[in-house]
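Morning, everyone. I have a few minutes on one structure, so let me put it up and walk through it.

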Amino acid sequence: KTLGVKNYYAIVDALNFFDLDAWRKTNVRDPKAFGRVPERIRVSLNENTLFPYVNRGIIISAKSVSYNNQTNELRLELDNPEIHGLLDGGHSYLQIRKFMDPANQSDRQVHPQYVRVEILTGLDKDKTVDIADGRNTSNQVKEVSLEDLRNTFKEIKDALKGQPYEHDIAYKEYETYSDRPDVPKPISVTEILKCLVCFDREKFTDEKHPTNIVTRGGENATIEYFRDNMVNMRPLLPVLPDILRLWDTILQKFVDAYAAG
């Protein structure tokens with residue numbers, strides 16, 4: 001039985017690379033602009049003629065692929081941001097976009113530069129998650145990033161729409177602001193989930209506390225509990241902003257209240 005998945009390979013001129021800025025939801029991490037890895041990619045892209053061989057390249061999920069032999073034009077069709085877009089190679093893609101910027105032209109060597117690209121078609125949501133998990137092997141993908149790709153947090157996002165901190169929440173292990181790609185978001189969704197789990201009265205009581213999950217279990221235990229017990233916690237979502245406000249109030253007032261006796 002065929003899986004219905006096809007892959008294509010191409011070598012693409014770096015100065016004419018695809019604009020995938022609006023198609024990065026499938027990538028499990030936002031790329032970091034600074035650090036050892038981005039700097040090595042930048043130097044290699046600007047100076048190394050072997051870049052398409054020493055760099056892992058870019059992996060893209062697309063609806064369809066076509067190539068015009070007359071014009072040497074490679075065309076990708078993408079229509080579903082939940083499935084199509086940048087699957088792997090986010091750090092390289094960010095450096096390629098900077099390489100394409102005319103303002104950085106003085107940094108480039110005179111030789112042309114190319115990028116290795118793999119394009120996958122025929123993916124559905126589950127296959128996209130599996131491939132994103134399997135291909136991002138430089139650093140193990142955290143569970144939070146995969147659950148975001150599965151849309152596990154959609155109802156959390158809906159419940160917090162309009163809140164002043166709505167756009168400060170990171171729903172994957174490294175997420176930046178769309179207008180400030182160098183600035184990571186300060187609030188992890190796992191901290192929000194911990195607050196929510198503590199209010200699950202179906203599973204916890206005055207005698208039975210969620211300590212093993214939210215304190216000792218770490219991020220993955222909290223995420224797995226939320227995913228597996230969403231039915232219990234769904235009725236709490238309308239009051240999630242109030243739960244978070246209570247949590248902040250306790251953090252702010254606890255020391256003074258305790259000291260006052």
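Start with a pair of side chains. Ser 64 and Glu 77 make a polar contact through their side chains, at 2.8 Å. Bear in mind that this is a predicted model.

Where is Ser 64? It sits in strand S3, which covers residues 64–68. Buried or exposed? Leave out residues up to four places away in sequence, and Ser 64 touches Arg 75, Leu 76, Glu 77 and Thr 121. Now look across the model. Pro 210 is 146 residues from Ser 64 along the chain, and their C-alpha atoms are 47 Å apart.

Next, another serine. Ser 92 belongs to helix H3, residues 90–100. Its relative accessible area is 7%. The cut-off for buried is under 20%, so Ser 92 counts as buried. Which side chain does the Ser 92 side chain meet in a polar contact? That of Asn 55, at 2.9 Å. Setting aside neighbours within four places in sequence, Ser 92 is in contact with Ile 41, Asn 55 and Ile 58.

Now a helix pair. Find helix H7, residues 189–197, and helix H11, residues 240–259. They pack at about 95°, and their axes lie 10 Å apart. Angles of 65 to 115 degrees count as roughly perpendicular, so that is how H7 and H11 are described. Who meets whom? From H7 come Ile 192, Cys 195 and Leu 196. From H11 come Leu 240, Ile 243, Leu 244 and Trp 247. What kinds of residue make up this contact of H7 with H11? Seven are nonpolar, none polar and none charged.

The largest nonpolar core has 25 residues. Which members touch the most other members? Phe 153, Ile 156, Leu 160, Val 189, Leu 196, Phe 226 and Leu 240. Several helices supply at least two residues each: H7, H8 (211–214), H9 (218–228), H10 (230–233) and H11. The largest share, six residues, comes from H7.

Take one of those members, Val 189. Not counting residues up to four places away in sequence, Val 189 touches Val 144, Phe 153, Ile 156, Ile 169, Ala 170 and Tyr 171. There is also a second, separate core, with 21 residues. Among them are Phe 51, Leu 76, Leu 78 and Val 117.

Last topic: backbone. Most residues other than glycine have a negative phi. Two asparagines here have a positive one. Asn 72 has phi near 55°. It lies in the loop between S3 and strand S4, residues 73–77. Asn 72 is at 56% relative accessibility, so it counts as exposed.

The other is Asn 151, with a positive phi of about 70°. Its place is the loop between helix H5 (143–149) and helix H6 (154–159). Asn 151 counts as partly exposed, because its relative accessibility is 29%.

To recap the serines: Ser 64 pairs with Glu 77, and Ser 92 pairs with Asn 55.

Notes
Residues numbered from 1 in each chain as written. Predicted model: local features only at pLDDT ≥ 70, side-chain atom pairs only at ≥ 80, totals over all residues. Heavy atoms only, no water. Helix = DSSP H or I, 4+ residues; strand = E, 2+ residues; numbered from the N terminus. Buried < 20%, exposed > 50% of the residue type's maximum accessible area, 1.4 Å probe, protein only. Polar contact = N/O pair within 3.5 Å; in protein donor to acceptor, adjacent residues only side chain to side chain. Contact = heavy atoms within 4.5 Å. Axes fitted to C-alpha atoms, helices over the stretch in contact; angles between N-to-C directions. Parallel < 35°, antiparallel > 145°, perpendicular 65-115°, else oblique. Nonpolar A, V, L, I, M, F, W, Y, C, P; charged D, E, K, R; others polar. Core = buried A, V, L, I, M, F, W, Y, C linked by side-chain atoms within 4.5 Å.
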